[in-house]
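Dear colleague,

Please find the structure we discussed below.

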Amino acid sequence: MKDEVLHTAWKNLNRNTKSTGFDSLTIQQVEASGVDKFIRSVKKELEEGRYTADEVKRVEIPKRNGEKRQLGILTLGDRLVQGAVKLVLEPIFEADFENCSYGYRAYRSAKLASLEVYKWLESGSTHYLKGDIEDCFDSIPHDKLLKILKTRIEDKLILSLVQDWLNKGSQAGYSGKNSGKGLLQGGIISPLLVNFYLDQFDNHWAEIGLKNVEGDSIEHLVRFADDFVVLSKEWINPDRVEAVMAELGLELNKEKTYVGTAANGFEFVGFYFEEIMEENGAGSVIRVMPTEGSIEKVVESIESIGSNVRSIDSTARIEKAHKDDENKVQALDNLIKNICDVVDPWMSYYRHTDYAAGLERIEQSFNEKIQKFI
């Protein structure tokens, strides 16, 4: 592993990460004792074949629906090596990735995915199949992943590293047994490997005969990691999708997979798409809007900021604010700034959509908090 790759991987590490691996080593501790020394020690282990992946610290993160997501916290050494391998593999994989994939890729985003969906809806492909892969990270088969990985990568060190990370990061790691499937949620290289494996799904969709006599595609796939939508001018058979998934050793999440038309509306990557008839009945338009969940999240954040403002300053300062107009104005300015720090990114993210209704609800919450504070 070249020095410049390891040093670049070190610079790319998320310095805001507060959690540490089971060895409790932090970036700040390494910086205090010497980054070059740390990188040299990791490189020496790699060169001498002594490097092995550390055990993974398991944590549970609550989800908005009340369920919990299992995450793994890597040691700093494993984060460094995974980041370095990602730098090596990413340009190799990117050369072959299909354009329909938008998740976990440089210069691509959910916003661009939403524009791609909008493009096909506007072109008349208003039948959709909205799909979600059941426990995608936890279900990817190691043997199938390694088999296709070996068709693109010959470096024995990288292959052995990936094999080691797969063994340590599988869901069965809780019991100390290797389940033979699963990618660690929280691993630096995991999103890249997910895209690499699901690229087979993207390729399948282009190769299973879904073309007209001129050779043009009649069904259009837009995928963001394990969340995807297929758009067409005709009804889409979900059995075909299930068959492709079965070949990959994966299953569809039945509760989150459904077919319909844009007139019914559907959500995808944080956006809501719907075909609306024009008032004069002459035609229809495609509307793209923020989802209800995204609006509620902003409203909840505003309410939380409003309820915590008084706890930011000391009791004496708040009491003084009631007597001192200057302090009261400053406190109000701080409240408005905190709220804008939440609302402004939301507005920027949904600027290309019809967000008027959502913004009206957010403004109502904003005004209520300001009035309550005053």
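The notes below concern a sheet and a pair of helices.

This is a predicted model, in which local features need pLDDT of at least 70, side-chain atom pairs count only at pLDDT 80 or more, and totals for chains, interfaces and linings use all residues. Residues are numbered from 1 along each chain as its sequence is written, and side-chain values use heavy atoms, with hydrogens and water left out.

Four strands form an open sheet in the order 4-5-3-6, with antiparallel pairing (helices, H or I of at least four residues, and strands, E of at least two, are DSSP runs numbered from the N terminus; two strands pair if DSSP finds at least two bridges between them). Strand 4 (219-224) and strand 6 (258-261) are the edges; each has a single partner strand, so one side of each lacks a neighbour in the sheet. Strand 4 and strand 5 (residues 227-232) run antiparallel and are joined by six bridges; Glu 219 has Ser 232 in strand 5 as its bridge partner.

The axes of helix 4 (residues 76-94) and helix 8 (residues 156-169) come within 11 Å and cross at roughly 130° (axes are lines fitted to C-alpha atoms, for helices over the stretch in contact, and angles run from 0 to 180 degrees between N-to-C directions). In the contact (heavy atoms within 4.5 Å), Asp 78, Val 81, Gln 82, Val 85, Val 88 and Leu 89 of helix 4 meet Ile 158, Leu 161 and Trp 165 of helix 8.

Yours sincerely
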